[in-house]
Every structure is written in C-alpha cells, then in structure tokens.
Amino acid sequence: MKNPALMIKVLLLLTIGTTLSSCKTLNYKKIALNRYEYANEVKPFDVLVVPGTPYYQEGMTETMLYRLLWAEHLYKNGFAKNIIFSGAAVYTPFVEGCIMKQYAMQLGIPENKIIVEPKAETSVDNIYYANLQARELELKDLLVATDTYQSLRYARFQKKTNIQFNMTPMQLDSINLDFRFKTAINDSVCYQAGWVDYKSRKAWYERFAKSGGKFLPDEVVK
C-alpha cells in the first residue's frame, strides 16, 4: 500500500474490529455462564427443549452432536425432568426430533422421558411448538438448551412473545467433545414420506427472516 496514512487507518480499523469482536465474545461467554449458573440454582425444570438440526445419512453433523451431548449433560445433572427434541423434516426427509431421540436413547436417556415435537421448521418454531406440546402435557417450566448464537436470537424473540422460557447456552468445557456414537440408529423410523425440501417451499429471504424470529409459525399467521 503506497499511502502510509491510509495504511494506518486500515490497521487501526482492523485493530478496533478485532478488539470489539473479542469483547463481544467474552461478553457472550459471561452471559452464557450466568444463565447456566442461574439454571443450576433453580433446577429442576419440567422440560428441556432441544432445537433440531438437519440429519444426513452420511453421518451426524457436529451441531447435532454438540446439542445432544449438551442435552445429556443437563439431563443427567438434574436440570430437567423431561426432554423435548424439536424439529420437523426440513432440509432432509428425516424428522429431526425423531432422529435426536434415537441418539439420546443411546446416551442412556430413558425413552419415557423423551418427547418428540415434529412440526418445527425454524428456530422460532422450536420454541413455539415445544411450548404448545409442553402445555398439553402440563409441563410448565421450559429450559432451552442451545448454542450461544441461537440463544441471542431467542432473546430477541422472547421480547416479542408471552412465551416464558429460560436458556442455557452451551458450555463446551462441560461436555466430552471426543465422544462419537458407536452404534448406528434405525433412521428409517424417522423418514417422512412425501417430504418436500424447505428450500423449495420458502424463498431464501423468508427462511432467513423466520429463522431470525421476525415471523411466527405459518399456522399462527393464518
């Protein structure tokens, strides 16, 4: 770069951006820890809600693995009495909540403590439909287990709705990230016949807006 003054400005902007990013990361970690400590103090909750993520027959994604291991940690440490795995067949023909249930049982979580919510197609849907299902079963206190990024979107959504729930963003140092499931599941029980890809049903901007909490589930709008 031939212009020294411009070079200094660029470096300054990069330094400021890096510093702000680091501060935000530290702040998010602090918020996540505070939420975890609060949940630990007031536990047990009636039900733990675990948002789904796509399943591919080639293998489990890292996101699904982390969410399952985090759910296992919370359940086995007495944070909740039951678990709702929420997620429809969205981007693949496998019902996400059903798939997560199959793996959760491998982790030693009793089947009679697991509830599958099969309608949610977005992050907001996960909370909305899980809450409906919990109310039908007279489960009132919801604890949502997710990652820090998704919890920030949920915090914005929570301000727009009267749905009451607490969150426990993932603490990576609390789970065994080297763990891998050693037994294959029977994913055919979670296959949805007549599945249509979510991408072909919703435009990209609508998918993005709904996932970010801008819109409620379709049936609510109708």
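Me: How is the handedness of a helix crossing defined?

Reply: A crossing is called left-handed if the near helix is turned anticlockwise from the far one by less than a right angle, and right-handed if it is turned clockwise. In this structure the crossing of α2 and α3 is right-handed. This is a predicted model, in which local features need pLDDT of at least 70 and side-chain atom pairs count only at pLDDT 80 or more, while totals for chains, interfaces and linings use all residues. Residues are numbered from 1 along each chain as its sequence is written, and side-chain values use heavy atoms, with hydrogens and water left out.

Me: At what angle do α2 and α3 pack?

Reply: Helices here are DSSP runs (H or I, at least four residues), as strands are (E, at least two), numbered from the N terminus, and angles run from 0 to 180 degrees between N-to-C directions of axes fitted to C-alpha atoms, for helices over the stretch in contact. Helix α2 (residues 62-76) and helix α3 (residues 96-106) pack at about 55°, with their axes 10 Å apart.

Me: Which residues make the contact of α2 with α3?

Reply: Contact means heavy atoms within 4.5 Å, and here M64, R67 and L68 of α2 meet I99, M100, Y103 and A104 of α3.

Me: With which residues is L48 in contact, leaving aside its neighbours within four places in sequence?

Reply: By that reading, L48 is in contact with A71, L74, A80, N82, I83, I84, L143 and A145.

Me: What is a nonpolar core, and how many residues has the largest one?

Reply: A nonpolar core is a set of buried (under 20% relative accessible area, with a 1.4 Å probe and protein chains only) Ala, Val, Leu, Ile, Met, Phe, Trp, Tyr and Cys residues joined through side-chain atoms within 4.5 Å. The largest has 36 residues, and those with the most contacts inside it are L48, V50, L68, F85 and I99; α2 gives the most to this core, with nine residues.

Terms used
Buried < 20%, exposed > 50% of the residue type's maximum accessible area, 1.4 Å probe, protein only.
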